[in-house]
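I set out to record what I looked up in this structure, entry by entry.

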Amino acid sequence: MTLIYKKMKTICLVLLFISVSSADDARVNFGVEDGTNAKLAEQRNYQSSPIQNYNTEFSNEPYAIGFNYHDYEQMTKFLRLTTSKFPSLTALYSIGKSVQGRDLWVMVVSASPYEHMIGKPDVKYVANMHGNEAVSRELMLHLIHYLVTSYATDPYVRWMLDNTRIHILPSMNPDGFEVSKEGTCEGGQGRYNARGFDLNRNFPDYFKQNNRRPQPETEAVKEWVSKIQFVLSGSLHGGALVASYPFDNTPNSLFQNYAAPSLTPDDDVFKHLSLVYSSNHAKMGRGVSCKSSTPGFKQGITNGAAWYPLTGGMQDFNYVWHGCMEVTLEVSCCKYPPANELPRYWEDNKMSLVKFLSEAHRGIQGFVMDDNGNPLEKVSLKIKSRDIGFQTTKYGEFWRILLPGVYKLEAYADGYVPREIEFMVVNDHPTLLNVTLYVAKRKDGPTYYRPQQQHQPPQYHQHLGPPYDQQPQGSGILSSLSSGFNNFFGSIFG
Ligand SMILES: [Zn+2]
């Protein structure tokens, strides 16, 4: 078993290297849709600059978004209209296609829509992953409209777009939406993708082996989040009124029939992020209950597993695999309410949607470089005593959302002397921290370092033996998980 695992690991590492190299050649950006060349997006080419001659199709069309539901064609038209009206603030790209061939459109809204701004965070919203949870999809279209039309007049929006790239995927499950019915508050019609898979059970799982067949929508999101380092994310749903934070799954659910909290080492941060959403929401923060028979959530937030545990969810995947803090935002008691209620939903959520994303500018950020000032990519980073790691980008950048306090950053890269640096986080602005790593001397030198055992993937992944493609990319993401908890888990399954 162990031998097979090691061989698989070697093969996969080689494959990983190849795919990373080719992605590098192809640049960071996904194919960009500009209204004249839809093929670009369909081919998923990588392009770094816009084509200037925009389609004149929209030249006489006013820029507006109605409070009605937009099917795939209408949504696509609105997104193209937006890029044609606001070419310097938006870019449209597709991360892939649904089972039935619909594009999974992402709109970037930013003062730099076509290029990552070095040192500034990328954030995202993913909506409508359950196709019948339709409010979120419309909220995203209204958010896009609000951001681009407020840029010139609203200093806060301007600051956000000047300092952040906001990526919005209004519908992760466009096929499901097409078979959903307006006015249907509950039930599962349209929830699943066209092959009947629940996309929020379709991701690699931190705690359990997930044997469900990966779906094209999920694969597209996995590739997307592996190419762009998102700092913060919201996954929008409906059917409840609550901000639900990781973990969604738990190591214990085999042994219990009730839901219990499954807390991350960043629990304080996740609670804070959830409260930012719920407290800026017109109702959520008051713990309004959706049904008189069930109590509301205290302050409108909950730990995911404490609500109900699930395997293969997207938020745990974002956090554990990619260091992106994602919160699940349940924005409507009714999954697909009548369209005449949409103005109220937009007003209820508007402030939350903007304020939540600005939290990407809280905590620590900086660059890791070698002693010649060259950026170091894929350096394994960890906030001491918070055993879920993160990594630097190809520019050597890193971000981590943290509340005010004193922390230590641990930095580790193969061939370099590991470092531990103390820093302080304050409330008002992010702490900037640049880290230099020095090349480790070889055996004959006085400071020879071996890669430390603690930077291997966590033991229980090996005990459970999931397919390697469910492993995080590189050992650093889950660096140094060696707590008693994991020993306990390993001993049960070993
Ligand atoms: Zn949902």
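Entry 1. I began with strand S2 (residues 90-97), which is mostly covered, six of its eight residues being buried. I call a residue buried if 20 or more other C-beta atoms lie within 10 Å of its own, exposed if 12 or fewer, and partly exposed in between, with C-beta atoms placed from the backbone. Helices (H or I, at least four residues) and strands (E, at least two) are DSSP runs, numbered from the N terminus. I work on a predicted model, in which local features need pLDDT of at least 70, side-chain atom pairs count only at pLDDT 80 or more, and totals for chains, interfaces and linings use all residues. Residues are numbered from 1 along each chain as its sequence is written.

I then looked for the partner of S2 and found strand S3 (residues 103-109), joined to S2 by six bridges and running antiparallel to it. Two strands count as paired if DSSP finds at least two bridges between them. S2 and S3 make a hairpin with five residues between them, and Gly101 in the turn has a positive phi of about 90°. Leu92 stands opposite Met107 in S3.

**Entry 2. Met107 and the core.** Leaving aside neighbours within four places in sequence, Met107 is in contact with Leu79, Thr82, Thr90, Leu92, Ile144 and Ile168; contact means that the C-beta atoms, placed from the backbone, lie within 7 Å. Which residues touch the most other members of the largest nonpolar core? They are Met107, Val109, Leu139, Ile144, Ile168 and Leu232, out of 106 residues in that core. A nonpolar core is here a set of buried Ala, Val, Leu, Ile, Met, Phe, Trp, Tyr and Cys residues joined through C-beta atoms within 7 Å. Helix H4 (residues 135-150) supplies the largest share of this core, eight residues. Domain 1 (31-361) and domain 2 (364-451) both contribute residues, so the core lies between them; the bounds come from an automatic or database domain assignment.

**Entry 3. Helices H3 and H4.** I checked the span of both helices against expectation, which is 1.5 Å times one less than the number of residues. Helix H3 (residues 72-85) has 14 residues and reaches 20 Å from first to last C-alpha, close to the 20 Å expected. For H4, the end C-alpha atoms are 22 Å apart, which agrees with the 22 Å that its 16 residues should span.

In H3 the buried residues are Met75, Phe78, Leu79, Arg80, Leu81, Thr82, Thr83 and Ser84. H4 is mostly covered, with twelve of its 16 residues buried, among them Arg137, Glu138, Leu139, His142 and Ile144.

Entry 4. I looked up the UniProt record, an unreviewed entry, which places the feature "active site" at Glu330. Positions are in the numbering used here, feature names are shortened, and such annotations may be inferred rather than shown by experiment. Glu330 is found in strand S9 (residues 325-332). Is Glu330 buried or exposed? Glu330 counts as buried because it has 25 C-beta neighbours inside 10 Å. Beyond four places in sequence, Glu330 is in contact with His237, Gly238, Gly239, Ala240, Leu241, Val242 and Ser244.

S7 runs antiparallel to S9, with five bridges, and Leu241 stands opposite Val331 in S9. S7 also runs parallel to strand S8 (residues 301-303), with three bridges; the bridge partner of Ser244 in S8 is Thr302.

**Entry 5. Ile401.** I located Ile401 in the loop between strand S13 (397-400) and strand S14 (405-412). Ile401 counts as buried because 22 C-beta neighbours lie inside 10 Å. The C-alpha atoms of Ile401 and His361 are separated by 7.5 Å, although the two are 40 residues apart along the chain.

**Entry 6. An open sheet.** Four strands form an open antiparallel sheet in the order S12-S11-S14-S15. Its edge strands, each pairing on one side only, are S12 (390-391) and S15 (419-425).

Note on methods. Two residues are in contact if their C-beta atoms, placed from the backbone, lie within 7 Å.
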